[in-house]
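Q: Could you take a close look at the salt bridges here and walk me through them with care?

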Number of protein chains: 2
Amino acid sequence: MTLLDITLTLAPTLPAWPGEPHARLERLQDLANGDPCTVTRLDTVVHCGTHVDAPAHFIPGGAGIDAVPLDVLMGPCWVADVADSVDSLTPRVLDGLGIPAEARRVLFRTRNSALWAQPAHDFHTDFVAFDRAGGDWAVARGLILVGIDYLSVEPFHHAEPWVHRTLLAAGIVPVEGLDLRAATAGWWQLACLPLKLPGADGSPARVVLTRDAD
Amino acid sequence: MTLLDITLTLAPTLPAWPGEPHARLERLQDLANGDPCTVTRLDTVVHCGTHVDAPAHFIPGGAGIDAVPLDVLMGPCWVADVADSVDSLTPRVLDGLGIPAEARRVLFRTRNSALWAQPAHDFHTDFVAFDRAGGDWAVARGLILVGIDYLSVEPFHHAEPWVHRTLLAAGIVPVEGLDLRAATAGWWQLACLPLKLPGADGSPARVVLTRDAD
């Protein structure tokens, strides 16, 4: 079986969303200091690094991450290859990607992924994401999960969270902050597992692609 | 496909290891207060709730959770049913469980699981775990992953972390804090995905069992 980890290492040096704190790892105990064991404490906004958004992030009264169905987060998944010249996932671009009609989970590998060659960088605001009509396209297409290789499915400059609201209201699960550098286009099996945080608006996740060896 | 979530909800009310803080979820922004979105911050010891231990927890210079191989954390898994009368996973008990010789990943469902009917409880010190010789048994048996349904593979009263050291030194991955109430004995596919925390001694994880529907 081929197994591909498409998760960013959740390091304090990852770019944080402007205005939000970086993830922090603190040693409460350390074998190196003579303690009986090493114990780390993790302090992170739930949208740091590779993560899943829940409806509660943008929809009043929306479901928390613990209610996002596992049978959406796990299953067959199509990785779509988006040319480096593409700035925005518009309906025209999306129609041209050759995504099979039966694909319900789609990860979009864009030029964003190249940014993860240097995971310790300042937040980029010019990442590739869905434009407003691209969000509608995902709903019309009947997708249940979309993945993107920078920290939001939504362009940084949007005045309102149009794409998030569209996707989340339709029950489409956004997976953000994927490292798709090594993910070749085509079919995979997705295992995308966020923590089971009660009522939270999202969670960091470990995300893995597998497929039978050729 | 049958899909079973064997993860505890990572709530602040879960029992914390004596002397360690409970998990904390803090709202940094909240739609209900007029903020543009809801944003939660998670602050937790990496051994809270359902979690995976890394060698770095007890072995000086040991590998971090980000280096625990995914092909150990995912794959065929045997759920063993341990009678409620059993206090300790001794070699004699383990030999009597009927675990197939080819099982490399084994989850032990003990009377501990009944405690998760009330997940908000004070830490129990009398949970079922491996005795020292039981840890040696797991190594001799060639296991690569063991799961237990309370917060440690090691009895609370052990003066030294014998079981942890034995398992971790042998490359056996301990998965702790599983809720196995609904896990019937037999073969499943395991997906046990901790966060990718750099060099950390463990991580909360989402743990799921699947199998083909009967």
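A: A residue is called buried under 20% relative accessible area, exposed over 50%, and partly exposed in between, with a 1.4 Å probe and protein chains only. This is a predicted model, in which local features need pLDDT of at least 70 and side-chain atom pairs count only at pLDDT 80 or more, while totals for chains, interfaces and linings use all residues. Residues are numbered from 1 along each chain as its sequence is written, chains are lettered from A and ligands numbered from 1 in the order in which they are written, and side-chain values use heavy atoms, without hydrogens and water.

Over all chains, the whole structure holds 21 salt bridges, each being a side-chain nitrogen of Lys or Arg within 4 Å of a carboxyl oxygen of Asp or Glu. In one of them, Arg41(B) pairs with Asp43(A), with 2.7 Å between the closest N and O atoms; because Arg41(B) lies in strand E3 of chain B and Asp43(A) in strand E3 of chain A, the pair joins two chains. Strands (E) are DSSP runs of at least two residues, numbered from the N terminus. Arg41(B) is partly exposed at 23% relative accessibility, whereas Asp43(A) is buried at 7%.

Within chain A, Asp81(A) and Arg109(A) form a salt bridge of 2.6 Å, N to O, and this pair links strand E5 with strand E7, the two residues being 28 residues apart. Here Asp81(A) is partly exposed, at 43%, and Arg109(A) is buried, at 16%.

How values were computed: Helix = DSSP H or I, 4+ residues; strand = E, 2+ residues; numbered from the N terminus.
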